[in-house]
Amino acid sequence: MASRKLSDLTPAVESKAHKLLALCKNRNVDILVYCTYRTVTEQAILYRKGRGILNIERKADQLSALYKRPDLADILINVGPQYDKRIVTWAAPGQSMHNYRLALDSVPIVQGKLQWDENAVEWEVYGNACGEINLEWAGTWSIKRREYPHAQDLEISWRDIIEDYDYAREN
């Protein structure tokens, strides 16, 4: 199960997460962090949701050939079917900043309830606070890939580290 602990983030991103929460609180917006670190196996399970086997096999081939990670391809294939009608993530194992402890997913809390309405002003407060502390807010991504809860480190990309990262130490 994915972690919610800020301490499971890298020290630099953990520090930014604390600043993010403080900035939002100072602007009268409470935030619940519900995902920080996620294993590549957990990522594979999420990636398979809403996708057919041909798409899964294509992504596995890409992980193996383009990113030189046959181990991640094997994980993606071996987690088995994950039945769901909708796609829940665009990131395959090794392609999510959560896999590197460099991202967090959060949601505003309004009157004791989670605020998922993307038109709510609290999301704007959250997104602006992310920008102020040098986190990339996925609420500004293209409509197809937009994720209001997601914020990640701006200083590195998964593409820079996927080939050399030791996932075995994380699982």
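This is a predicted model: local features need pLDDT of at least 70, side-chain atom pairs count only at pLDDT 80 or more; totals for chains, interfaces and linings use all residues.
**View A. Helix 3 packs against helix 4.** In this view, helix 3, which covers residues 53-65, and helix 4, which covers residues 70-78, pack at an angle of about 165°, and their axes lie 7 Å apart. Because angles over 145 degrees count as roughly antiparallel, helix 3 is described as roughly antiparallel to helix 4. The crossing of helix 3 and helix 4 is right-handed. On the helix 3 side, the contact is formed by Ile56, Glu57, Lys59, Ala60, Leu63 and Ser64, which meet Pro70, Leu72, Ala73, Leu76 and Ile77 in helix 4. The residues of this contact divide into eight nonpolar, one polar and two charged.

**View B. Helix 1 packs against helix 5.** Here helix 1 (residues 11-26) and helix 5 (residues 121-132) pack at an angle of about 135°, with 9 Å between their axes, and the two helices are therefore oblique to each other. The crossing of helix 1 and helix 5 is right-handed. Leu20, Leu23 and Cys24 of helix 1 make the contact with Val125, Tyr126, Ala129, Cys130 and Glu132 of helix 5. Seven of the residues in this contact are nonpolar, none is polar and one is charged.

**View C. The largest pocket and its lining.** The largest pocket holds about 1100 Å³ of space. Its lining is made of 40 residues, and of these Val88, Thr89, Trp90, Arg145 and Glu147 lie nearest the centre of the pocket. The elements that each give two or more residues to the lining are strand 1 (30-35), helix 2 (40-48), helix 3, strand 5 (150-153) and helix 6 (158-161). By residue class, the lining divides into 18 nonpolar, nine polar and 13 charged residues.

Terms used:
Residues are numbered from 1 along each chain as its sequence is written. Side-chain values use heavy atoms; hydrogens and water are left out. Axes are lines fitted to C-alpha atoms, for helices over the stretch in contact, and angles run from 0 to 180 degrees between N-to-C directions. Helices (H or I, at least four residues) and strands (E, at least two) are DSSP runs, numbered from the N terminus. Angles under 35 degrees count as roughly parallel, over 145 as roughly antiparallel, 65 to 115 as roughly perpendicular and the rest as oblique. A crossing is left-handed if the near helix is turned anticlockwise from the far one by less than a right angle, and right-handed if clockwise. Contact means heavy atoms within 4.5 Å. Ala, Val, Leu, Ile, Met, Phe, Trp, Tyr, Cys and Pro count as nonpolar, Asp, Glu, Lys and Arg as charged, and the others, Gly among them, as polar. On a 1 Å grid over the protein atoms alone, a cavity is a set of points where a 1.4 Å probe fits but cannot get out, and a pocket is an open set with protein on both sides within 12 Å along at least five of seven lines; lining residues have an atom within 4 Å of a point. Grid points are joined across faces, edges and corners, and a volume is the space filled by probe spheres set on the points.
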